[in-house]
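Here is a short tour of a protein model and what it holds. Keep the sequence and the coordinates side by side as you read.

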Amino acid sequence: MLDRFLVTAEASGMLPVICINKIDLVQLEKLKAQMALYEGIGYNLIYTSIVTGAGIDEMRTVMKDRISAIVGSSGVGKSSLLNEIQPGLQLRVGDVDERMHKGQHTTTEVALLPLHFGGFVADTPGIRTLGLFEIDDEQGLDIHFPEMRPYIPECKFAACTHQHEPGCAVKSAVEGGKISELRYDSYLRISGFSAGRFEREGPKKEKKRYERRHKRAKR
Ligand SMILES: Nc1nc2c(ncn2[C@@H]2O[C@H](COP(=O)(O)OP(=O)(O)OP(=O)(O)O)[C@@H](O)[C@H]2O)c(=O)[nH]1
Ligand SMILES: [Mg+2]
Ligand SMILES: [Zn+2]
């Protein structure tokens with residue numbers, strides 16, 4: 001889900017900031033070790049809690065004088081965070097008891113809110129799945145994974161999908177530990193080139209797609 005959000009942001013020219021909320025409920029050191037991967041790619045991470053007040057100032061700093069949107073699954077605390085960032089907003093938040101029931105969606109529509117310290121922020125309803133309608137595998141999903149960018153021109157084929165082609169520099173980088181396997185796995189899932197697809201659709205359809213992509217790359 002996080003990788004899908006990041007790809008969406010990259011593809012639409014937005015600057016993504018990864019905010020991890022409710023850090024009062026976890027062991028911070030363990031969490032940070034897990035997230036080091038994203039720091040390594042160069043993403044900005046902010047750890048927040050409305051219980052301890054951690055990270056709220058950092059959130060204000062990245063939002064100041066910008067137009068931002070806060071996105072994520074339902075119940076992660078998007079509206080709660082905004083209430084902390086700007087007291088007085090009085091956005092409705094899910095109550096803890098109600099949260100026991102699945103599928104709770106407290107915020108139901110997008111609202112663009114002016115910020116006293118400069119800028120605007122959109123609170124958004126939580127979403128369960130994120131389709132990537134603007135990106136398809138023919139346009140090249142790879143460039144939206146910043147850590148893949150240096151390797152893409154090194155692939156033997158110009159239209160390499162980094163799946164099963166020989167001489168693929170991206171795959172070598174994954175094997176060499178330069179690109180995280182988790183992220184590469186996300187790449188495969190998002191592009192739909194997951195192992196199953198090749199087998200399901202067979203080499204014919206795969207070849208067609210490859211040719212279309214190659215034509216585009218030549219153009
Ligand atoms: N422990 C803890 N609970 C939090 C934190 N932030 C929010 N919550 C709780 O999480 C629940 C959901 O918060 P919301 O702000 O409604 O979540 P949301 O992301 O806006 O949800 P939707 O509007 O449904 O998308 C509420 O019960 C909050 O009190 C936090 O930092 N720590
Ligand atoms: Mg909300
Ligand atoms: Zn490749």
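Start with the sequence. The donor residues of the zinc ion (ligand 3) follow the spacing C-x4-C-x1-H-x5-C. Bear in mind that this is a predicted model.

Now turn to the atoms. Which protein donors does the zinc ion (ligand 3) have? They are Cys155 (SG), Cys160 (SG), His162 (ND1) and Cys168 (SG). These donors lie 2.1 to 2.3 Å from the zinc ion. The angles among the four donor atoms run from 103 to 117°, and the site is tetrahedral. For reference, the ideal angle for four tetrahedral donors is 109.5 degrees.

Next, move to ligand 1. Ligand 1 sits in the second largest pocket. There are 25 residues around ligand 1, and Asp24, Ser74, Lys78, Ser80 and Gly94 come nearest. By class, this shell has 14 polar, seven nonpolar and four charged residues.

Some polar contacts can be picked out. Lys22 places a polar side-chain atom 3.0 Å from an oxygen atom of ligand 1. Backbone atoms take part too. A polar backbone atom of Gly75 is 2.9 Å from an oxygen atom of ligand 1. For Gly77, a backbone N or O atom lies 2.9 Å from an oxygen atom of ligand 1. How much of ligand 1 does the protein bury? Taken alone, ligand 1 exposes 660 Å², and the protein buries 91% of that.

Note on methods:
Residues numbered from 1 in each chain as written. Chains lettered and ligands numbered in written order. Predicted model: local features only at pLDDT ≥ 70, side-chain atom pairs only at ≥ 80, totals over all residues. Heavy atoms only, no water. Near = heavy atom within 4 Å. Polar contact = N/O pair within 3.5 Å; in protein donor to acceptor, adjacent residues only side chain to side chain. Areas by Shrake-Rupley, 256 points an atom, 1.4 Å probe, with all protein chains shown as cover. 1 Å grid on protein atoms, 1.4 Å probe; cavity = no way out; pocket = protein on both sides within 12 Å on 5 of 7 lines; lining within 4 Å. Sits in = over half its atoms within 2 Å of the grid points. Nonpolar A, V, L, I, M, F, W, Y, C, P; charged D, E, K, R; others polar. Donors = N, O, S within 2.8 Å, 3.2 Å for Na, K, Ca; no water. Tetrahedral: all angles 85-135°; square planar, octahedral: opposite > 155°, others 65-115°.
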